[in-house]
Amino acid sequence: MKEIVFAGFGGQGVLTSGLIISDIAVENGENATWMPSYGSAMRGGTANCTVKYGEGIIYNPSQEEPNLLLAMNQPSFDMFIGKVAKDGIVLVSEVVDTTACTRDDVKIVVVPCHKIADEANHSRGANIVMTGAIIKLLGDHTMEQGKAAMERMFNKKGKNKFSELNETVFEAGYNYI
Amino acid sequence: MAKKMMKGNVAIAEAAVRYGVRFYAGYPITPSSEIMEYLSWRLDEVGGAFVQAESELSGVNMVIGAASCGVRALTASSGPGISLKQEGVSTLCDEELSAVVINMVRYGNGLGTLYSSQTDYLRETRGGGQGDYRCIVLCPYSIQEAVDMLGLAYDLAEKYRVVTVFMAEGALGQMMEPVELPDFIETKKNYWGFDGKYSYKKIGIFDRDSMKEAVALREKYAAICENEQRWEDEGIEDADYVFVSYGLTGRSTLGAARELREEGYKVGHIRPITAWPFPHKAFAKINPNVKGIITVEANATGQLIEDVALATKKAMENNVPTYALPYVYGIPAIKDIKEDFVKIANGQVREAY
């Protein structure tokens with residue numbers, strides 16, 4: 001079973017990114033859970049969700065020791081870095097400063113998702129860049145499965161007008177790794 | 001049908017429609033609000049009625065009205081809102097009307113917090129409002145079980161003419177996991193519902209015979225206790241220690257129990273599915289030489305422990321100690337449950353009873 005924590009500012013799309021990953025797993029016949037931080041979170045505040053997926057029953061759907069942490073901003077990195085499992089992956093955007101990090105048992109991967117998204121004229125697609133990167137980093141699913149899940153997600157939300165741009169930045173994130 | 005990722009509150013609301021619920025009234029509160037948000041448009045599509053009432057008290061009284069008409073009626077809330085509804089729940093029970101009340105439990109006293117928890121166990125299993133009644137209490141451990149069990153909630157409420165409380169942790173309403181929804185069922189109007197012809201004799205408050213009613217009430221509750229205990233158990237026949245835990249917390253505890261087994265500890269697990277009637281019968285299967293019974297709970301003081309201590313006293317002969325592990329709010333981590341179990345096994349934790 002894999003555990004991923006998606007964390008960033010509210011409105012950055014970390015909850016959506018988590019939904020896409022969980023949907024890929026379910027379509028693939030695996031089990032999955034998606035657990036948001038809920039309540040007082042708001043736009044501009046911090047938001048996070050925990051996704052678990054794999055074969056068999058998922059006992060505890062809430063956060064324990066993520067195999068991968070996505071930190072889109074500094075507060076998210078600072079809050080969750082201590083919880084990442086040994087030999088886990090920490091995926092951060094270019095705005096996160098990791099120099100003060102004392103953990104040497106995790107692998108830190110920097111993907112300039114904001115720059116990649118801006119260059120593709122899709123500045124709101126930084127979360128999609130990271131979704132592509134996560135799929136490549138974990139190696140459990142293919143790029144095609146990821147893109148199909150993304151299409152389903154945005155069709156359901158009625159936001160499919162960005163589907164070409166989303167595909168572009170998704171591929172860019174996947175290929176950056 | 002393939003399973004789809006669904007949010008707990010949304011899946012439960014859609015399941016309610018499919019099980020024939022045609023009336024909802026209530027007042028929004030986190031973490032239950034999506035249930036009524038969904039039903040606000042969905043009930044209209046199936047010819048039902050939805051009211052966002054001006055208060056919880058008003059909402060539950062509208063449910064009394066719908067239930068009196070023999071319709072499957074629902075209200076949902078969280079801890080503080082359910083407190084406000086208790087007068088109505090007591091009235092439903094007094095009039096022997098059927099309804100389902102969903103409590104998406106959040107942590108804390110007073111208005112409390114928005115954290116997921118199990119702080120309302122004692123309130124829900126002891127009736128909750130004034131008077132002398134019990135509600136059947138169901139506590140699902142997954143969204144799929146919640147969806148499957150909502151039909152049972154109505155079937156039991158109608159069979160015994162009681163209120164069924166659907167008690168889930170707030171996290172179950174907010175999370176998503178793969179779900180297969182039930183098929184639509186046809187429901188008939190309950191036979192006791194008003195028919196517009198004054199078919200039933202009117203019984204005024206001073207015409208009632210409370211002594212006679214008490215006998216009938218005791219018989220009804222005894223029948224529920226005998227027939228409706230539901231639980232799952234695993235590995236309790238040879239266990240040194242048995243965990244008892246329900247809901248999402250029970251699901252995490254099951255994971256801990258299985259890992260501990262693999263590591264060589266003889267532990268078992270009982271997961272109550274009905275919190276009332278409490279599954280006393282499960283305890284009859286426990287190893288008579290068990291060293292301790294342990295509750296895992298998401299509250300501050302330990303509530304389930306009281307029923308577990310009573311059930312242990314009834315089923316065991318040698319004053320088996322019972323321990324409470326209250327993790328306050330959230331879903332306890334498997335790692336923490338395992339660490340605390342080892343402390344109990346090493347004699348470092350004092351028993352509760």
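Here are some questions and answers about this predicted model.

Q: Which residues touch the most other members of the largest nonpolar core?
A: In general, nonpolar side chains in soluble globular proteins tend to be buried together. Here the largest nonpolar core holds 163 residues. The ones that touch the most other members are A:Leu70, A:Leu91 and A:Val129.

Q: Which helix of chain B gives the most to this core?
A: Domain 1 and domain 2 of chain B both hand over residues, so the core lies between them. The top giver supplies nine residues and runs over residues 143-160 of chain B. That's helix H7.

Q: Which element gives the largest share of the side of chain A that touches chain B?
A: Where the chains meet, 17 residues of chain A are in contact with 20 residues of chain B. On the chain A side, helix H1 (14-27) and strand E2 (31-36) are the elements that give two or more residues. By class, that side has eight nonpolar, seven polar and two charged residues. The largest share, six residues, comes from E2(A).

Q: How far apart are the end C-alpha atoms of helix H10 of chain B?
A: H10(B) covers residues 247-262, which is 16 residues. At 1.5 Å a residue, it should span 22 Å. The distance in the model agrees with that, because the end C-alpha atoms are 23 Å apart.

Q: Is H10(B) mostly covered or mostly open, and how many of its residues are buried?
A: Among what covers its buried residues are strand E7 (163-169), helix H8 (170-174) and strand E10 (241-244) of chain B. The buried ones include B:Gly247, B:Arg251 and B:Leu260. H10(B) is mostly covered, and the buried count out of its 16 residues is 12.

Q: Which helix gives the most to the side of domain 1 of chain B that touches domain 2 of chain B?
A: The C-alpha centres of these two domains lie 27 Å apart. Their contact takes 26 residues from domain 1 and 21 residues from domain 2. The domain 1 side has 17 nonpolar, six polar and three charged residues. With four residues, the one that gives the most is H6(B).

Note on methods: Residues numbered from 1 in each chain as written. Chains lettered and ligands numbered in written order. Predicted model: local features only at pLDDT ≥ 70, side-chain atom pairs only at ≥ 80, totals over all residues. Core = buried A, V, L, I, M, F, W, Y, C linked by C-beta atoms within 7 Å. Buried ≥ 20, exposed ≤ 12 C-beta atoms within 10 Å, placed from the backbone. Domains from an automatic or database assignment. Contact = placed C-beta atoms within 7 Å. Nonpolar A, V, L, I, M, F, W, Y, C, P; charged D, E, K, R; others polar. Expected span 1.5 Å × (residues − 1).
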